[in-house]
Amino acid sequence: MNSESSPLFLPDPKALDVTVLIFSGASLMCVASTIDPMRAANRVSGSTLFRWRIVSLDGQPAITTCGLPIAVSGSFDASEKADMLLVVGGFGAADIARTTFTAHLRRAVHNYRMIGGIEAGSWLLGRAGLLSGRKATTHWEDMEEFTAAFPESDVRPDRYVIDGPVFTSGGASPTFDLMLHLIRSRFGMSVALDVASVFIYDEAHASSDAQPLVSLGRLDDVHPKLAVAIRLMESHIDAPLTVAAIARRCGLSARSLEKIFLKAVGEGPGRYYLRLRLKMARRLITDTKSPLADIAARTGFSSAAAFTRTFRQFEGRPPSALRASNR
């Protein structure tokens with residue numbers, strides 16, 4: 001994986017503008033794995049990290065393999081510009097690859113900083129000549145045929161492959177891993193962990209894991225104690241543990257735990273823990289009618305006043321204002 005040379009997979013707080021081009025015959029799960037992590041990143045961060053536009057080739061709804069249509073905002077225009085173009089393909093991609101679309105895609109290259117092929121979308125990138133001399137992957141069922149079709153590409157059985165301004169993904173789960181990797185690389189480990197938690201997704205894979213693969217957690221690759229510490233925090237939201245107590249249960253010193261969090265997440269365990277509690281509080285404020293005093297108690301604050309003061313420091317407004325804006 002050459003993410004080091006990929007411009008969008010570098011730390012940058014600037015929001016990304018993404019065009020998602022969906023073809024009929026695509027998997028609904030691939031579509032969701034592409035779009036929903038972006039939505040969740042905006043939600044958990046409380047800011048706009050992604051702006052996306054969904055289009056189809058002809059401006060008509062794209063019909064997924066399960067029969068559900070995907071509403072689009074218009075047709076694909078090769079002259080429009082954005083940071084990233086994601087091409088989500090499925091059954092029928094081979095027929096599309098023999099149309100004039102590939103010529104349009106070649107023209108569109110200069111209007112995007114990165115182009116990605118999701119599942120059969122990799123075929124469309126290949127037919128447009130975008131994978132020549134690059135590493136690439138596709139769904140494992142098509143790997144042999146794909147390799148024969150694009151001998152000028154270094155085809156790998158990886159879950160996803162990033163090579164400079166082009167990336168390819170093998171399917172729904174690999175695409176979710178890819179989007180988490182994008183979020184982590186660009187906006188930090190903390191946001192990526194929060195996004196994964198939204199979907200109760202704790203089995204993220206490395207890009208080079210082969211398809212198909214037995215589930216393997218990846219937090220242990222960062223540090224085997226990081227997941228343990230975070231799970232302890234999650235299970236003690238209403239009665240927070242001290243950092244020293246968490247470190248002790250992890251078999252570490254408080255100083256060692258501090259170093260692990262600073263390296264992996266970019267902030268200390270105390271601050272991460274506090275944000276975890278405030279994230280829970282934010283969800284309770286917007287999604288329930290629980291009194292603010294009850295929310296303060298459920299998220300480990302000694303009083304409603306202490307909760308309001310801390311919430312305002314992190315969110316820029318009191319919890320009452322957030323609730324009022326969601327009515």
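Author: A search of the whole structure finds 12 aromatic pairs, where rings of Phe, Tyr and Trp (its six-membered ring) pair if their centres lie within 6.5 Å. This is a predicted model, in which local features need pLDDT of at least 70, side-chain atom pairs count only at pLDDT 80 or more, and totals for chains, interfaces and linings use all residues. Residues are numbered from 1 along each chain as its sequence is written, and side-chain values use heavy atoms, leaving out hydrogens and water.

Reader: Why is the pair of Phe-176 and Phe-199 called edge-to-face?

Author: Planes under 30 degrees apart count as stacked, over 60 as edge-to-face and the rest as tilted. The planes of Phe-176 and Phe-199 stand at 85°, with ring centres 5.2 Å apart, so the pair is edge-to-face.

Reader: Thanks! What makes Phe-176 buried?

Author: Buried means under 20% relative accessible area, exposed over 50%, and partly exposed in between (1.4 Å probe, protein chains only). Phe-176 has 7%, so Phe-176 is buried. Phe-199, at 27%, therefore counts as partly exposed.

Reader: How do you know that the charged end of Arg-277 sits over the ring of Phe-301?

Author: The rule asks for NZ of Lys or CZ of Arg within 6 Å of the ring centre and within 35 degrees of the ring normal. The charged end of Arg-277 is 4.4 Å from the centre of the Phe-301 ring and sits over that ring.

Reader: And which residues form one aromatic cluster?

Author: Happy to say: Phe-23, Phe-76 and Phe-101.
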